[in-house]
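Me: I have a model open and would like to learn how to read it. Can we go through it feature by feature?

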Amino acid sequence: MLNRRIRLWRILGCAMLAGLFAGAGPGVAQDAMGRTSLVGLRAPDIARADLRGAPVSLAALRGKVVLLNFWATWCAPCRVEMPRFVAWQKQYGVDGLQIVSVSIDDSEPPARALVERMHLDYPVVMGDAKLGERYGGVLGVPVTFLIDRRGVIRARIDGETDLGALQGKIEAMLAAH
Amino acid sequence: MRRSSTIGSGMKRVRGCTGTILFGLCAAALAVSSVHAQLNQPVSASVIPRDRLLEPDALNHELQSNPHGSLILQVGSKVLFDQAHIHGAEYAGPGSRPRGIAALRSRVANLPRGQAIVLYCGCCPWDRCPNIGSAWQLLQQMGFTNVKVLHIANNFGSDWVSRGYRAESTH
């Protein structure tokens, strides 16, 4: 009888510990609006046409390392990052890097004009509130995600990124096959 | 002698007129460039006096004790507003765009000038926000005397939502 009680308490204790660690795992921390960080989880798909009319699908980019950048024309830090992204696409494209960017401007014309002016030669799609929510809330820009070759989000960077550190992460992800 | 003095005074008058015209032209050019600058260059958040800034924890506290005390207006991105905004806040349009300034002007046009208003944006770090400075300036020009501005150091996500302060989405 005593042994059965001890066993029961052990099982309950294990269950409680498992519950605690499940809550602390990657990608499950929630903010006040119930959104998760998504790091460690599969990236939600993005399937829409880019500003040139070409179809963009994250699912179709499996096998590549994806740098997914949310930005807006009125965001000064976003514009600082763009020339480096253009350079990285040229430098690392052959190794499997694909940059995809999402403008969260309220309308398309300013985004289109900036894409032309900054010579962004990677796919740029228009985002919206629903897409932002699916990515755990994009409540300020820039926000950058690094997605590995299996489609799993490995990093989320809010705000202007340390470009040197980001480049190091990209190189490490490209090297890992 | 008399004739030459008449010619001399005539010349002076012409010079005086030319000076006035040149001065007028310069003033007009300055005015046009100032309007141009207002429309194209974002007004820095640093134009807002420190004593008009409200920290997020202070506004959160104020909202808990008096939820309907102030009219809260977001003057940034609609996409960001739709995802999350301060509970009870209204969208007023981006302060960096003429359409946003027009929307803000129209929203507050009929309000008493002593109305308590809180402006916020949170699209970008405070010192790079393109919207908040011009929205503040507009309300000053319109004569509002009880305006405060939420000081969002990083962005709305990290400085409001992540702190667990009350927010809601549009849908």
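Me: What should I know before starting?

Reply: This is a predicted model: local features need pLDDT of at least 70, side-chain atom pairs count only at pLDDT 80 or more, and totals for chains, interfaces and linings use all residues. Residues are numbered from 1 along each chain as its sequence is written, while chains are lettered from A and ligands numbered from 1 in the order in which they are written.

Me: How do helix 2 and helix 5 of chain A cross?

Reply: Helices here are DSSP runs (H or I, at least four residues), numbered from the N terminus. Axes are lines fitted to C-alpha atoms over the stretch in contact, and angles run from 0 to 180 degrees between N-to-C directions. Helix 2 (residues 76-92) and helix 5 (residues 163-175) of chain A have axes that come within 12 Å and cross at roughly 25°. Angles under 35 degrees count as roughly parallel. Helix 2 and helix 5 of chain A are therefore roughly parallel to each other.

Me: Which residues of these two helices meet?

Reply: Contact means C-beta atoms, placed from the backbone, within 7 Å. From helix 2 of chain A come A:Glu81, A:Arg84, A:Trp88 and A:Tyr92; from helix 5 of chain A come A:Leu163, A:Gln167, A:Ile170 and A:Leu174.

Me: What does B:Ile132 touch?

Reply: Skip its neighbours within four places in sequence. B:Ile132 then contacts B:Ala45, B:Val75, B:Gly95, B:Leu119, B:Cys121 and B:Val149.

Me: How many residues join the two chains?

Reply: 26 residues of chain B are in contact with 22 of chain A. Helix 3 of chain B gives the largest share of chain B's side, five residues.

Technical notes. Parallel < 35°, antiparallel > 145°, perpendicular 65-115°, else oblique.
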